[in-house]
Amino acid sequence: MRNLSQFMSSGAYLDPAVNVTTMAGRLYTNRVYLAEVLKNEYGQTIMSFLTFCRIEHAKMLVCKAEHPPRVKELAVMSGYRSSTSFYRNFVKMEGCTPSEWIARYYASHTPCETNPSASCPARIA
């Protein structure tokens, strides 16, 4: 689905208003077809796909920052209206809090993958 790659590469997933319905609308398709494509191509639901892309974006922002960013700032820059939702999704995906992940990153200075195609599976095309 070419439109999906364009949608994701444009950073549209960072818009807090994007949800299942708006994403399908922006891709000129319906929710059922979009859900089927994401499940078949990426093995994810629409919301888990958006969550994955947003959390990966947040991690990339941490890796590129000179100083540890605040969790609230990361949440907003990653497409979340609520830092609580960001926090909950981050813990669910990464197994630690955003603050713990940031602290470990800055403590280890481990190189981070900043290749945009690695941040979101839809960018691999």
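**The aromatic rings and their surroundings**

A: R54 lies over the face of Y80, at 5.6 Å from the ring centre; a charge is placed over a ring if NZ of Lys or CZ of Arg is within 6 Å of the ring centre and within 35 degrees of the ring normal. The model is predicted, with local features requiring pLDDT of at least 70 and side-chain atom pairs counting only at pLDDT 80 or more, while totals for chains, interfaces and linings use all residues. Residues are numbered from 1 along each chain as its sequence is written, and side-chain values use heavy atoms, without hydrogens or water.

Y80 belongs to a cluster in which ring pairs link it with F86, F90, W101, Y105 and Y106. Rings of Phe, Tyr and Trp (its six-membered ring) pair if their centres lie within 6.5 Å, and the planes count as stacked under 30 degrees, edge-to-face over 60 and tilted otherwise. Six aromatic pairs are present in the structure. One of them joins Y42 and F49, a tilted pair with 5.3 Å from centre to centre and 35 degrees between the planes. F49 is buried at 0% relative accessible area, whereas Y42 is partly exposed at 27%; buried means under 20%, exposed over 50% and partly exposed in between (1.4 Å probe, protein chains only).

An α-helix has 3.6 residues a turn, so residues three or four places apart point the same way. Helices are DSSP runs of H or I of at least four residues, and strands are runs of E of at least two, numbered from the N terminus. The buried residues of α7 are P98, W101, I102, Y105 and Y106. Because they cover an arc of only 125 degrees around the axis, they lie on the same side of α7; the arc is that of the directions from the helix axis to the C-beta atoms. These buried residues pack against α4, α5 (71-77) and α6 (83-94).

R54 and F86 are also among the contacts of S78, which, beyond its neighbours within four places in sequence, touches L14, R54, H57, A58, L61 and F86, contact meaning heavy atoms within 4.5 Å. S78 sits in the loop between α5 and α6 and is buried at 0% relative accessible area. Its side chain reaches the backbone oxygen of L74 at 2.8 Å.

M8 and M23 touch the most other members of the largest nonpolar core, which has 16 residues. A nonpolar core is a set of buried Ala, Val, Leu, Ile, Met, Phe, Trp, Tyr and Cys residues joined through side-chain atoms within 4.5 Å. Helices α1 (2-9), α2 (20-26), α3 (31-42) and α4 (46-64) each supply at least two residues of this core, and α4 gives the most, with four. Apart from it lies another core, of 15 residues, which includes V71, Y80, C96 and Y105.

How values were computed
Polar contact = N/O pair within 3.5 Å; in protein donor to acceptor, adjacent residues only side chain to side chain.
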